[in-house]
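Here are my notes on the model, point by point. Please read them with the structure open.

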Amino acid sequence: MIESKIIIVGGGLSGLYAAYLLEQANCSDYLLLEARDRLGGRIHSRHGFDLGATWIWPEMNPQLMQLVNELGLSFFDQAENGDLIIEQSRELPPVRLSNNTWSASSIRLKGGMDDLIQALNQKIPANKIKIEQQVTDLICHKSHEIEITTQDHAGQKTNYQAHSILLATPPRLAIQKIKFIPELPQSTSQQWQKTATWMAPHAKYIAIYPESFWKQQGLSGQVRSYIGPLVEIHDASIPHGQAALFGFLGVPSTTRQKIDEKDLLVHCQAQLVRLFGKKAKNPELAFLKDWSTDSFTATETDWMNSASIHSFSPDITPTTSIWDEQIIGIASEWSKHHSGYLAGAVDATKVGVQYLLKNKQYS
């Protein structure tokens, strides 16, 4: 039995930021358990390009920007200059419109959002993080000690003991993956089950090119399409680096799972050729990330309810049961202001860690 006062379940932005805040508060009696063989959760970059969370809006996300600046991360403005393209139907040619954007300006990190994950990881002692440790059981005893069982990818089980759990996984996923003994209150289970997991039904496609040929055409790279398969496309280029386009697939997750990934890539590439011309035909690299097939992100409920909306946030801790104040939710979905977003992960984690330290008086 491995003992620790605090167990953080999940090694995405919320879990790592929680460990970072505990370190800053000189609270070192904690462990972080991550089910995957990597850190980051729904932040996942390849070759510096984001397959998951992508943007930060500085004006709307001051806490997140403060963290970016604390960690000394390099960033740049999302490219928006140039016209955008609207695809309305197969019977009509694409329409080119002046891009007078009304939305707030966004930024991206120079090396992708993985820069944020790696920077936080470097602030946390290596022995505090355990990867390939999927939490399968949480047992809360009358003494309020919590027994945690994990298993690795080979099925090997490990037992931990803690006084508090910081739950940094989406609530709906926790309901599916973790057995709670005693059971959570029905009101809590219903809340968690109704809380949609952001990114869970989505898929992103990225094509990398030797040059941003769309800019030579006076285009921003932005597209809104009612034809698809990509319904929303953006410039994903890195300044003074590789050029790229990325898009969100509009094909429902239940349909995508019946299509070979190679076929999806072919259709995405064909759409870029249709929109931007022959230079889009041969990307240097192209890849797709379907979050609906990620077992540590999506559940079957997410497949069936794929509407792109941010849901309400559940209560910070289960009430009217032995679990009250023993489990504190800190994943982005618990944020009252930015549920589902990167800023929500920072917001919910800060609130949750402050709640824990105030009520438990850990040091």
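1. Helix H1 (residues 13-24) and helix H3 (residues 114-122) cross at roughly 30 degrees, and their axes come within 9 Å. That makes H1 roughly parallel to H3 (under 35 degrees; over 145 is roughly antiparallel, 65 to 115 roughly perpendicular, the rest oblique). Axes are lines fitted to C-alpha atoms, for helices over the stretch in contact, with angles from 0 to 180 degrees between N-to-C directions. Helices are DSSP runs of H or I with at least four residues, strands are E runs of at least two, and both are numbered from the N terminus.

2. A word on the basis. This is a predicted model, where local features need pLDDT of at least 70 and side-chain atom pairs count only at pLDDT 80 or more, while totals for chains, interfaces and linings use all residues. Residues are numbered from 1 along each chain as its sequence is written, and side-chain values use heavy atoms, without hydrogens and water.

3. Which residues make the contact of H1 and H3? H1 brings Leu 13, Leu 16, Tyr 17 and Tyr 20; H3 brings Leu 116, Ile 117 and Leu 120. Contact means heavy atoms within 4.5 Å. By class, the contact of H1 with H3 has 7 nonpolar, no polar and no charged residues (nonpolar: Ala, Val, Leu, Ile, Met, Phe, Trp, Tyr, Cys and Pro; charged: Asp, Glu, Lys and Arg; polar: the others, Gly among them).

4. Helix H2 (residues 62-70) packs on helix H10 (residues 342-360) at about 90 degrees, with the axes 8 Å apart. H2 and H10 are therefore roughly perpendicular. Gln 63, Leu 64 and Leu 67 of H2 meet Leu 342, Ala 343, Val 346, Asp 347 and Lys 350 of H10. This contact divides into 5 nonpolar, 1 polar and 2 charged residues.

5. The count of aromatic pairs is 13 (rings of Phe, Tyr and Trp, the last by its six-membered ring, with centres within 6.5 Å; planes under 30 degrees apart are stacked, over 60 edge-to-face, the rest tilted). Tyr 17 and Tyr 20 are stacked, at 6.0 Å centre to centre and 25 degrees between the planes. Both lie in H1, 3 residues apart, about one turn of the helix. Phe 213 and Trp 214 are edge-to-face, at 4.9 Å and 85 degrees.

6. Gln 133 sits in the loop between strand S10 (129-130) and strand S11 (134-140). Gln 133 is buried, at 10% relative accessible area (buried is under 20%, exposed over 50%, partly exposed in between, with a 1.4 Å probe and protein chains only).
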